[in-house]
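Good morning, and thank you for joining this meeting. Please look at the sequence and the model as I put them on the screen, and I shall then walk through a few selected features.

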Amino acid sequence: IDYSDSEQSISGTMNLRMIKDSIIWVSIQKFGFEGMRAIFRKDSFFIMNRLEKTYIANSIASISDITGISLNIRDLQSILLGTPTLPFPEKPCFITSKDGYSIEQYSDKKDKFEINWNFIDPDISSIHYKKSTNDIYFNIQQQDYQENTQLNNHKFPNIRKINLVSPKKTFNIDLKFTEIVWNESKKLPFEIPSHYKKVTQF
């Protein structure tokens, strides 16, 4: 994982575990040492900074407040897995261009959601979300699709480039998946040491 925003940049090896529709567990290490651990649940999330001995605790709803986009645990898992779902109840439209084709959907507030494919590769190439106010953009590039035996040879995008631009937060996340294990029981250890200090941001 490589993460960057206007204040900091983080890179390392990420161990990601999920329980469908309920939990996302993350551990980020560098040079063999864990620097950050996080857990996201349906209603809340906690992030520990091992280096500074601090932690953040907040509601899942606060992610929407920061990004300006309505996101729940299912949406976060969908982004990580590269399996987008249409966010609005309104009917989508199918559009063809010289480069490929796309599915576009507009909310009743004229927010736009778009999934794109190209003619060269039948897999999803990008996902875009734009607020009608034109001040919030959320973009995902999906690359390096490979058949995965853990997923019954279903193609999985091993590279994910995520970009958010909003008044409150702008960041870039690059993910490269190197190993996938499916339907295998894993522990999700998460306990905040009593001497860690609660903060509002790192």
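Predicted model: local features only at pLDDT ≥ 70, side-chain atom pairs only at ≥ 80, totals over all residues.

Let us begin with K161 and D174, whose side chains meet in a salt bridge at 3.9 Å, N to O. By salt bridge I mean a side-chain nitrogen of Lys or Arg within 4 Å of a carboxyl oxygen of Asp or Glu. K161 lies in strand β13 (residues 154-165) and D174 in strand β14 (residues 170-176), so this pair ties together parts that are 13 residues apart in sequence. K161 counts as partly exposed at 34% relative accessibility, and D174 counts as partly exposed at 31%. Here, buried means under 20% relative accessible area, exposed over 50%, and partly exposed in between, with a 1.4 Å probe and protein chains only.

Residues are numbered from 1 along each chain as its sequence is written, and side-chain values use heavy atoms, with hydrogens and water left out.

What else links the two strands? K161 has D174 as its bridge partner in β14, and seven bridges join β13 to β14, which run antiparallel. Two strands pair if DSSP finds at least two bridges between them. Strands (E, at least two residues) and helices (H or I, at least four) are DSSP runs, numbered from the N terminus. A hairpin of four residues leads from β13 to β14.

Strand β14 also runs antiparallel to strand β1 (residues 2-5), to which four bridges join it. There, S4 stands opposite N172.

Let us return to salt bridges, of which the structure holds eleven. One of them joins E34 to R37, with the closest N and O atoms 2.9 Å apart. Both partners are buried: E34 has a relative accessible area of 19%, and R37 one of 15%. Shared partners join E34, R37 and R50 into one network.

A further salt bridge brings together the side chains of D99 and K98, at 3.4 Å from N to O. In this pair, D99 is partly exposed at 49% relative accessibility, while K98 is exposed at 75%.
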